[in-house]
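Reader: I am new to reading protein structures. Please take me through a few features, with the general idea before the case.

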Amino acid sequence: MEQVKAPKVAVVGGGAGCKAIIDMIFAETLSQLQMQLIGVASRNPKAVGYLYAQEKGIYTTTDYHDLYKLKDLNMIIELTGSDEVANEISRTKPEHVRLMDHVAAHVFWDVFHIEEERIAAIKRVDEQRIATQKRIEAERIAERKRMEEALEMRREQLLEEVPERNVAIVGGGPGCKAIIDMIFAETLSQLPMKLIGVASRNPKAVGYLYAQEKGIYTTTDYRDLYKLKDLNMIIELTGSDDVANEIGRTKPNHVRFMDHVAALLFWDVFHIEEQRIAARWQIEAERIAAQRLIEAEKVAERKQIEEALEMRREQLLEEVQERNVAIVGGGPGCKAIMDIIFAEKLSQLRMKLIGVASRNPKAEGYLYAQEKGIHTTTDFRDLYKLKDLNMIIELTGSDEVANEISRTKSEYVRLMDHVAALLFWDIFYIEEQRIATRREIEEEKVAERKRVEEALQMRKEQLLEGVSVRNVAIVGGGPGCKAIMDIIFAEKLSQLRMKLIGVASRNPKAVGYLYAREKGIYTTTDFRDLYKLKDLHMIIELTGSDKVEDEISRTKPPRVKLMDHVAALVFWDVFSIEEQRIAERERSDEATRLAHAELHQIFETSADGMRVIDRDFRVIRVNKMFMLMTGKTKQEAVGKRCYDVFPGPLCHTPKCPMTRILGGEERVEREVEKERADGTTISCIVTATPFREPDGKLIGIVEDFRDISDRKQAREALQKAHDELEQRVEERTAKLAKTTEQLRQELTERKRTEEALRYAHRDLATKAGALEAANEELSQYAYVVSHDLKAPLRAIHNYADFLSEDLEESLEGEQEAYLDGLKRAVRQGEELVGDLLELSRVGRGSGEIEAIDIGVFLQNLIAILNLSSEIEVVMENNWPTIEADPVILRQIFDNLIGNAIKFNTLLRKRVELGWLPAGDGSYELFVRDNGIGIEPRHHEQIFGVFQRLHTREDYKGSGLGLAIVKKAASKLHGSVRVESEVGKGSTFYVALPKTQEEE
């Protein structure tokens, strides 16, 4: 579709809708449509939209015909809601001016009202996101500080337990320099090593020179190192097994030995640990950034916006009726509009496409409509024949076609020409692009996170590839053996790639020995048996005996390296610290989570209303009781100014709790009157306290509202009662003497009145009995008369039939008319006698009172009546059960349903059956129809005997049906009434009790 030029528009109708459209045109909401408002017309110059237009400097008039004179006017938006005005504008406007009537304008309002709410919701979410980021950042800093303090304390404890060791290095290459850096750096601070000497055959080696720079003793003969005072350990880094074996053979017994294999293990461990720590900090930084974006935007934004839009969409769906539309023009624009209608994007507009017209039957949109099973035609006039057509969308782009449709269409069918349709396309195209852009951003975030995780995993695998798997065996089966085995089996040492293949212990009942057997590892009581294990690389000696260590060093194969109990203890210290650090962090995380959950539970379940307000007076959080007290929803409260959500007399004054807290007070408590959403007031005790970040910075305040309305009302009522009581005591004391005299007189008068009442009651009982006997006698008389009249009427009917048969060939026209009149009169008499008989039978010889399910009763009655197909009967699903006589109940509904059908001239007759609770243990059952209706002045008259509002020629009947209904309802201790207007149908209500009292 082509781009729409900025149209100049005028509005007809100056009400609230006009003001809303003006706001939409001036606001950014309609900026993409580029509309320019140049005039407003309204018959009421005091209308809110008319006055608003004058404030904005827009041309105004009380006669919309004046708008036709405006220069370059392109479109008129009719907002009066009157079809007559819309048709008059369509008839009188210039041809070049388009018309958007109130139906199409209402559609625009729905669309942009939703958009405004979405923008407002996003704004609120952004504000909440910023507050959430600050809170998360503060919690993260505090948590990290607590963790570092706990680790530092544990490190100091371990340093006190582990004695400092003086070490010397043999080999001056890059490995020597790296180990020196590790010893001097914080990486090995927990091991308390002190470097006191370096030996290298090459005095120009980088590590040798680095040691000299650091002021460490250096020599080219490693045997000189044995002379160093208090030497505890030699670390061999030459990579030569011969040198390692020679040092192992010649060193003093008190000096421990770590060859290049064990040293390499240390290098791998701490190199991987350093990279892991760096990677973890990188992941942590990215996690925090992702948490800010994903949690604040993805969770909060999507949830709140979707809830707000879904709620508004459901409200609009209830207000907007479904419209049947047809399209004129079968090009690509037709197909695009069809896709919009079929997709969920226009679900809130409730459009249903029922036809497409195009002069070109091969057009893309025309063929697409045929594929979808939609009615198609090459003449747009054929669309007028479609049933219940509400709107035509013209997409040809031709002003002549648009004018021709406007001239020939039915006045009940709306027209949206190609200009208005193009506006719709722009709106939803922009909306689609916004949704697609947001989806792309979300996908990029996910992809970026995935790339980071893959890179870290790849780096981990690269590091692991650099370390070969080593088969190790342990000598010594005590608790240390079991601890080292747990470390090897656990993931904590996965980067070292050790595999345990044997354990030796002189004590076969030692805990580590037994643990190894449970794990299926080779065990022996003689460590020399371990030498026979295939591909053994290292022995870890854990006995703590220097003699055992020296014996292993002397007897082991040269290819097998030895890590004595001192080096093993170093490993244990490192991983013990790491384990405790991880456990401490997990405990801290869990404690933080539980604390947050506990605070949330306390906040939400508080018996008082609570809210949190930031420094800008915006509400950032409310609890359930606050919403109940104020009558506001969460969406209506969060993000708004506090004085807009729950205003009171202290707002905008120095006594405002927020103002006082910002001024330095730590607690503010006042009794105030607050205004609820419905305009009523509530008395509260408001307690405000500061809401701070962990570093003490003020974020806002927490307000607690305790409802004391009942207490205040009770106090006022008590005081009022006390005052009234005192006044009454005074008045009563003053009138006591007078009252005593009046009582004497009243007693005398009461005696005379009681005697008169006794005589009146006896007389009333006598008259009531006589009346009941008269009614019974009258009913008996009507029964006898109607019953006795049936026989002579039947005889007259038969004789008339005999005369017709005997004189059929000789009867003249006038004589035949007389006989027909006689038969008709007899039938009317029979019908009248039958209804009289039924009236007299009401309550006579009927069935027993029983519990009746009204729904089942009416379903059976409708089935017996066998109504024709053009009569639609609508019933509710759930019906009550009452006590009644089924015979009398049938007389009521038989007559009411019969009247609903009889007094109805429509082709599609509708009868609705329902019920309402009436209070006092009764129900109102009703029969509603869409018939001719009854004038209000006849509502009482129709229940009398022989009361007819129409002639027998118009509607058959004796005029006794409603009299029967009234009498039957009375027999069941009920009543009947009617609500009706001429031409709008009638509703008859029958009030019946749930139970029938025994007479």
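Author: Start with charges and rings: a charge sits over a ring if NZ of Lys or CZ of Arg is within 6 Å of the ring centre and within 35 degrees of the ring normal. This is a predicted model, in which local features need pLDDT of at least 70 and side-chain atom pairs count only at pLDDT 80 or more, while totals for chains, interfaces and linings use all residues. Residues are numbered from 1 along each chain as its sequence is written, and side-chain values use heavy atoms, with hydrogens and water left out.

Reader: Which lysine lies over the face of Phe 646, and at what distance from the ring centre?

Author: Lys 674 does, at 5.6 Å from the ring centre. A second case is Lys 177, whose charged end is placed over the ring of Tyr 210, 4.4 Å from the centre.

Reader: How many aromatic pairs does the structure hold?

Author: Rings of Phe, Tyr and Trp (its six-membered ring) pair if their centres lie within 6.5 Å; planes under 30 degrees apart count as stacked, over 60 as edge-to-face and the rest as tilted. The structure holds ten such pairs. One of them joins Phe 617 and Tyr 643, with 6.4 Å centre to centre and 50 degrees between the planes, a tilted pair.

Reader: Which parts does the pair of Phe 617 and Tyr 643 tie together?

Author: Helices (H or I, at least four residues) and strands (E, at least two) are DSSP runs, numbered from the N terminus. Phe 617 is in the loop between strand S21 (609–614) and strand S22 (619–622), and Tyr 643 is in helix H19 (residues 642–645), so the pair links parts that are 26 residues apart in sequence. The rings of Phe 626 and Phe 705 have centres 5.7 Å apart and planes at 50 degrees, so this pair is tilted. Phe 626 belongs to helix H17 (residues 624–630) and Phe 705 to strand S25 (residues 698–707), so the parts tied together are 79 residues apart in sequence. Phe 626, Phe 646 and Phe 705 make up one aromatic cluster.

Reader: Are Phe 626 and Phe 705 buried or exposed?

Author: Buried means under 20% relative accessible area, exposed over 50%, and partly exposed in between (1.4 Å probe, protein chains only). Both Phe 626 and Phe 705 are buried. Phe 617, at 23% relative accessibility, counts as partly exposed, and so does Tyr 643 at 26%. In the protein chain, buried residues make up 42% of the 999 residues.

Reader: How are two packed helices described?

Author: By the angle between their axes and the distance between the axes. Axes are lines fitted to C-alpha atoms, for helices over the stretch in contact, and angles run from 0 to 180 degrees between N-to-C directions. Here the axes of helix H1 (residues 16–26) and helix H2 (residues 48–55) come within 6 Å and cross at roughly 35 degrees.

Reader: Which residues of H1 and H2 meet?

Author: Contact means heavy atoms within 4.5 Å. On the H1 side are Ala 16, Cys 18, Lys 19, Ile 22 and Asp 23, which meet Val 48, Gly 49, Tyr 52 and Ala 53 in H2.

Reader: Where is Val 255 found?

Author: Val 255 is in the loop between helix H7 (241–250) and strand S10 (256–258). Val 255 is buried, with a relative accessible area of 1%.
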